[in-house]
Amino acid sequence: MLFPIVEGVAATGRHTTSYLESGPADGTPVILVHGWPELAISWRHQIPLLAELGFRVIAPDMRGYGRSTTYDRVEAYSMEETVADLLELLAAIGKDKAIWIGHDAGAAAVWALASHHPEACIAIANLCVPYVPEGFTLSNLVELVDREVYPAGEYPYGQWAYYKYHQDEPAEVAATLEADVAHATRLVFRRGDPDELRQPSAAGKIKAPAGWKPIFEATKGLACDSEVLDEESYGAFLANFKRNGFAGPNCFYRNDRANEDYAARSVNGGRLDMPVGFVHALYDMSCNTAYSDLARPMREACASLSEYVVKAGHWVQQEKPVEVNAALTHWLATAVPGSWQIERP
């Protein structure tokens, strides 16, 4: 049986979330949470597989993306607001708990949800972005920078220079990306390159006064990387960012104080007792967890952690879907065996 992928809407007086759904209505819910600058279709390779395995799969467009509500206020994109969206989505599908899987900023949201609302989590798994109990914020990340790769004198913010630039020059960042959405999309969504291991990343060089512009100039005529985006998904990303722009999604980088305050209110001191899975992307140069201390706080804070390594770049679930699907299904089978509801004639 092949389950169709259908569109749904969860609307309250507070927020509207559009989402994709597939799988049996009575299956254990798995909610797939995308990051910056993605969409629900970033999970297009995972949705059909998980649905066929008997899970009810939900992949929302996060606030500021797709047809979910977009806001003008920076504080509307805080982690606390994002977690509230996810809890409202869970209630809208008639469930009180789910398996949550996130990537990039979506991983940060899943970590935050788990640390504040463990009762809503059967289990969680995240890709690329590890758990930082004090909050996934610039000051906390800089403390974990690998200074052998990023000497402090030359790279005070390490690979997170782009994060600082997004904070300091938000209007310029949005204007640069929106001036040529097609180029921005082709530039951002690239496969991982093993030759760049243990080398300073491009993200670590995005800083004032030039910002994104030198990279844009150096990559004119760049083709879409078909190993990450197929023609349909590339078109969907273009349509989304032409319609919604980047200003809202970029606010993920602009709520550090509020996000640290929120992290300080987590339960159990931020310790996670539910089953946790994590997928390292070996060639993720911006968020390299395989060769640095970046994953250390996660390992210290998770009581039951399963780790997997996939030889891919940051867009791991799109670049290497077979390997990611294998990791996720192994984790589900071994760490959350009671969630399976496979039925075959």
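## Burial and surface

Of the 345 residues in the protein chain, 59% count as buried. This is a predicted model. The chain exposes about 14100 Å².

## Overall fold

The secondary structure of the protein chain comes to 14 helices and 8 strands. Its radius of gyration is 19 Å, close to the 20 Å that the globule rule gives for 345 residues, so the chain is as compact as a globular protein of that length. Along its principal axes, the C-alpha trace spans about 60 × 40 × 40 Å.

Now look at the contacts. Take those in the protein chain with a separation of 6 or more: residues 24 or more positions apart account for 77% of them.

## Charges

The protein chain has 29 positive and 45 negative charges. Where do their mean positions lie relative to each other? They are 2 Å apart.

## A look at Asn-259

Asn-259 sits in helix α11, which covers residues 256-263. Is Asn-259 buried or exposed? Its relative accessible area is 7%. Buried means under 20%, so Asn-259 is buried.

What does Asn-259 touch, leaving out residues up to four places away in sequence? The partners are Ser-78, Met-79, Thr-137 and Phe-252.

Key. Residues numbered from 1 in each chain as written. Predicted model: local features only at pLDDT ≥ 70, side-chain atom pairs only at ≥ 80, totals over all residues. Heavy atoms only, no water. Helix = DSSP H or I, 4+ residues; strand = E, 2+ residues; numbered from the N terminus. Rg over C-alpha atoms; globule rule 2.2 N^0.38 Å. Buried < 20%, exposed > 50% of the residue type's maximum accessible area, 1.4 Å probe, protein only. Contact = heavy atoms within 4.5 Å. Areas by Shrake-Rupley, 256 points an atom, 1.4 Å probe, with all protein chains shown as cover. Lys, Arg positive; Asp, Glu negative; His and termini not counted. Charge placed at Lys NZ, Arg CZ, Asp CG, Glu CD.
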